[in-house]
Amino acid sequence: MSTEEIAREQSEVWKNRLFPFVPMNNRDPKPRTKSITEIRGPYYASVTPTYLREILEVFGEHIDGFKFSGGSFSLLPEEAVRKYLDICHDHGLYVSTGGWIENVLARAAHHVDDYIAEVKRLGFDYVELSTGFIQLPVPDLLRLVEKVKKAGLKAKPEIGIQFGAGGDTSREELEAEGTRDPQILIDTARAALDAGADIIMIESEGITENADPWRTDVAARIMKEVGQANVMFEAADPKVFEWYIKNYGIDINLFVDHSQIFQLECLRRGVWGTKSTFGRITTHR
């Protein structure tokens, strides 16, 4: 079956959910173009193919994408990588690389085309184009977007305001680096979208991670000047994704850890929450 047929089948099962007499927020059926939930695969936790299959058999309707963070896929045999991809595609999920292209650019820049071609051969859907650890001129980032699109893949630049973001760097080190002007992020995101990028991943560090207080002003500017539909916020902390939904509604696109799927979905659907959100997250379709 195609991804769309799989998604429709899962949505039909969802319609027959338990306790249909208790209302909850509706979400668009998969494949979704808003309210996207992307989850982290093997990196901080060893998510095996068997474990992933069981997760998706139960929670698949609530998940849209799966990302191999860092270069985790490079440590696996091809057979294992294909297992992950097949399981995801069988449940209507897209599969994305993490930001490993930074490593390729730093160690073997002459093999960027080979990297993109290999990702395509394996069956990935998205190539994430991160620049947290490196200083990459914007025209070069745009050329990468064009290369990915020319290969028939979707491009997902990851952009932030914190140099050195993306590797669990300590707060002290990040504070010493300082943050970039948010306008640089906004201008880069707009240029990448104009070049054909499919969505922009917003790095959390410097905004809601290792930031005290949170830079909610930056999130607001991104929403206003780049557009909610064009961005996905990294939010692998329950307090963070609760804040985004409380302030911007259930249709915001979020990247979370695989362990947080149900907590996030309960919040999106309005079936549970904290004192701050219980009974207050709603929609009008």
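At 24% relative accessibility, Asn210 counts as partly exposed, a term for residues between buried (under 20% relative accessible area) and exposed (over 50%), with a 1.4 Å probe and protein chains only. Asn210 lies in the loop between S6 and H9, where helices (H or I, at least four residues) and strands (E, at least two) are DSSP runs numbered from the N terminus. Its phi is positive, about 55 degrees, although Asn210 is not a glycine. The loop between S6 and H9 also holds Pro213, and the peptide bond from Asp212 to Pro213 is cis, with omega near 5 degrees.

The model is predicted: local features need pLDDT of at least 70 and side-chain atom pairs count only at pLDDT 80 or more, while totals for chains, interfaces and linings use all residues. Residues are numbered from 1 along each chain as its sequence is written, and side-chain values use heavy atoms, with hydrogens and water left out.

The protein has 11 helices and 8 strands. Of its 285 residues, 49% are buried. Among contacts (heavy atoms within 4.5 Å) with a separation of 6 or more, 74% join residues 24 or more positions apart.

The peptide bond from Lys30 to Pro31 is cis, with omega near -5 degrees. Ser35 is found in the loop between H1 and S1 as well. Phi of Ser35 is near 60 degrees, a positive value in a residue other than glycine, and Ser35 is buried, at 2% relative accessible area.

Next come the helices. Two packed helices are described by the angle between their axes and the distance between the axes. The axes of H2 (residues 49-59) and H3 (residues 78-90) come within 10 Å and cross at roughly 5 degrees. This makes H2 roughly parallel to H3, as angles under 35 degrees count as roughly parallel, over 145 as roughly antiparallel, 65 to 115 as roughly perpendicular and the rest as oblique. From H2, Pro49, Leu52, Arg53 and Leu56 meet Lys83, Tyr84, Ile87 and Cys88 of H3. The residues of this contact divide into 6 nonpolar, no polar and 2 charged.

Helix H6 (residues 138-150) has 13 residues and reaches 18 Å from its first C-alpha to its last, close to the 18 Å expected at 1.5 Å a residue. The buried residues of H6 are Leu141, Leu142, Leu144, Val145 and Val148. They cover an arc of only 155 degrees around the axis, so they are on the same side of H6; the arc is that of the directions from the helix axis to the C-beta atoms. Their cover includes helices H4 (101-107) and H5 (112-122), strands S4 (126-130) and S5 (154-159), and H8. Lys149, also in H6, is partly exposed, with a relative accessible area of 33%. Not counting residues up to four places away in sequence, Lys149 touches Ala155, Gly196 and Asp198. Just after H6, Gly152 takes a positive phi of about 85 degrees.

In helix H9 (residues 216-225), the buried residues are Val218, Ala219, Ile222 and Met223. Their arc around the axis is only 135 degrees, which puts them on the same side of H9. They pack against helix H8 (182-194), strand S6 (200-202), strand S7 (231-234) and helix H10 (238-248). Just after H9, Gly227 has a positive phi of about 105 degrees.

Notes:
Axes fitted to C-alpha atoms, helices over the stretch in contact; angles between N-to-C directions. Nonpolar A, V, L, I, M, F, W, Y, C, P; charged D, E, K, R; others polar. Expected span 1.5 Å × (residues − 1).
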